[in-house]
Amino acid sequence: MSNVTVRRVRKSFGPVEVIHGVDIDIADGEFVVLVGPSGCGKSTLLRMIAGLESITKGAILVGDKIVNHLPPSQRDIAMVFQNYALYPHMKVKDNMAFALRLRGMDAREVSQRVERAAEILGLTPFLDRYPRQLSGGQRQRVAMGRAIVRDPQVFLFDEPLSNLDAKLRVQMRTEIKELHQRLKTTTVYVTHDQVEAMTMADRIVVMQDGRVEQIGEPLEVFDRPANLFVAGFIGSPSMNMLKAKVNGEKSTVEIDGAHVAVSGEHRVEDGQPIVLGIRPEHLELADDGLPAEISVVEPTGSETLVFLHFGGNDLVALFRQRHNFRPGDTIRLRPRPDQVHLFHADTGQRL
């Protein structure tokens with residue numbers, strides 16, 4: 001196992017720069033998730049760590065060794081792709097053993113590694129099957145097994161669950177996390193799914209437009225987003241964003257003529273325009289709350305999502321209790337003062 005250091009890395013395709021001076025330190029044995037919308041540069045960064053893309057500027061280190069100019073085969077990493085990339089004419093055991101045989105490894109050692117990986121992943125009954133005879137989840141396990149047998153310093157995962165159905169994705173992300181806890185191999189995992197990031201990561205790296213917006217533990221990023229982008233991207237449903245201005249002694253803010261209480265210390269001035277963020281689960285019914293008209297009610301069983309309009313703002317509220325809400329009803333909602341987030345109206349940075 002080994003740490004991974006991304007130091008002021010830039011990537012350009014011709015005159016267009018797509019990665020803008022990224023710095024990330026990944027500790028030995030850590031599970032780090034790169035998350036962001038499509039086109040944010042997360043897969044490009046992963047491919048540069050793997051050696052599948054060249055680095056325009058900066059350095060990538062595995063352990064204490066700069067690997068910028070090393071081919072993938074010499075970086076001691078193993079990568080699991082979105083599309084499995086299995087050889088259809090080879091049985092499971094041969095798919096898993098292929099890279100080891102290319103190295104010229106002793107046949108007995110190859111067999112032992114394949115059997116050990118198959119046992120870890122629950123693939124022992126399927127070693128003599130072909131990929132076409134497996135389910136999607138089993139194929140992904142084979143791809144993971146092919147990585148495990150190499151006993152690498154670093155695992156790289158490039159959106160490995162995107163092709164699976166929702167139920168299987170939940171199962172597989174649990175299995176990948178359990179695998180990491182067992183092997184304790186440094187892991188870098190790319191996804192656009194913020195739920196995957198929250199549930200699997202030791203630390204999350206939130207990216208946008210080739211830049212790192214925030215790095216932190218999942219609950220740290222969720223509870224204290226650094227800016228409007230992170231606040232809107234992390235959390236499902238997304239945080240409500242309301243245009244507001246500071247009122248009085250900074251203990252309340254004004255939204256469309258209504259006053260909302262806030263708590264905590266904020267670096268704001270009286271009358272300053274801001275954006276107030278409040279998560280749907282932190283809106284509560286109250287007689288003195290904001291009057292909002294219900295447009296849509298979405299019951300999910302354990303929770304109910306309610307979509308509303310308040311002045312010129314759209315809101316989403318989440319209730320775990322059951323209410324007899326109907327479209328067209330007006331209810332009053334109060335943001336919990338201790339859960340209000342304030343952001344600069346121009347820069348989007350947290351106040």
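Author: In β8, Val188 is the bridge partner of Val32, and in β9 the bridge partner of Val32 is Arg203. Val32 belongs to one face of strand β3, where strands are DSSP runs of E with at least two residues, helices are runs of H or I with at least four, and both are numbered from the N terminus. This is a predicted model, in which local features need pLDDT of at least 70 and side-chain atom pairs count only at pLDDT 80 or more, while totals for chains, interfaces and linings use all residues. Residues are numbered from 1 along each chain as its sequence is written, and side-chain values use heavy atoms, with hydrogens and water left out.

Strand β3 (residues 31-35) runs parallel to β8 (residues 186-191), to which 5 bridges join it, and it also runs parallel to β9 (residues 203-208), with 4 bridges; two strands pair if DSSP finds at least two bridges between them. Of the 5 residues in β3, 5 are buried, a term that stands for under 20% relative accessible area, with exposed meaning over 50% and partly exposed in between, for a 1.4 Å probe and protein chains only. Both faces of the strand are covered, with Phe31, Val33 and Val35 on one side and Val32 and Leu34 on the other.

A search of the whole structure finds 6 aromatic pairs, a pair being two rings of Phe, Tyr or Trp (its six-membered ring) whose centres lie within 6.5 Å, with planes under 30 degrees apart counted as stacked, over 60 as edge-to-face and the rest as tilted. The rings of Phe157 and Tyr189 have their centres 5.7 Å apart and their planes at 35°, so this pair is tilted. It links distant parts of the chain, with Phe157 in strand β7 (residues 154-158) and Tyr189 in strand β8, 32 residues apart. Both partners are buried, Phe157 with a relative accessible area of 3% and Tyr189 with one of 0%.

Phe319 and Phe325 form another tilted aromatic pair, at 5.3 Å centre to centre and with 55° between the planes. Phe319 is buried at a relative accessible area of 4%, and Phe325 counts as buried at 11%.

Phe319 lies in β17 (313-319), a strand of an open sheet of 4 strands in the order β17-β16-β15-β18, with antiparallel pairing. Strands β17 and β18 (330-335) stand at its edges, each with a single partner strand, so one side of each is left without a neighbour in the sheet. Neighbouring strands of this sheet are turned by 50° against each other on average, direction ignored, the axes being lines fitted to C-alpha atoms. Within the sheet, 6 bridges join β15 (residues 283-299) to the antiparallel β16 (residues 304-310), and Pro299 stands opposite Thr304 in β16.

Two charged side chains also sit over rings, which requires NZ of Lys or CZ of Arg within 6 Å of the ring centre and within 35 degrees of the ring normal. The charged end of Lys11 is 4.8 Å from the ring centre of Phe13, and Arg132 lies over the face of Tyr130, at 4.7 Å from the ring centre.

Methods:
Axes are lines fitted to C-alpha atoms, for helices over the stretch in contact, and angles run from 0 to 180 degrees between N-to-C directions.
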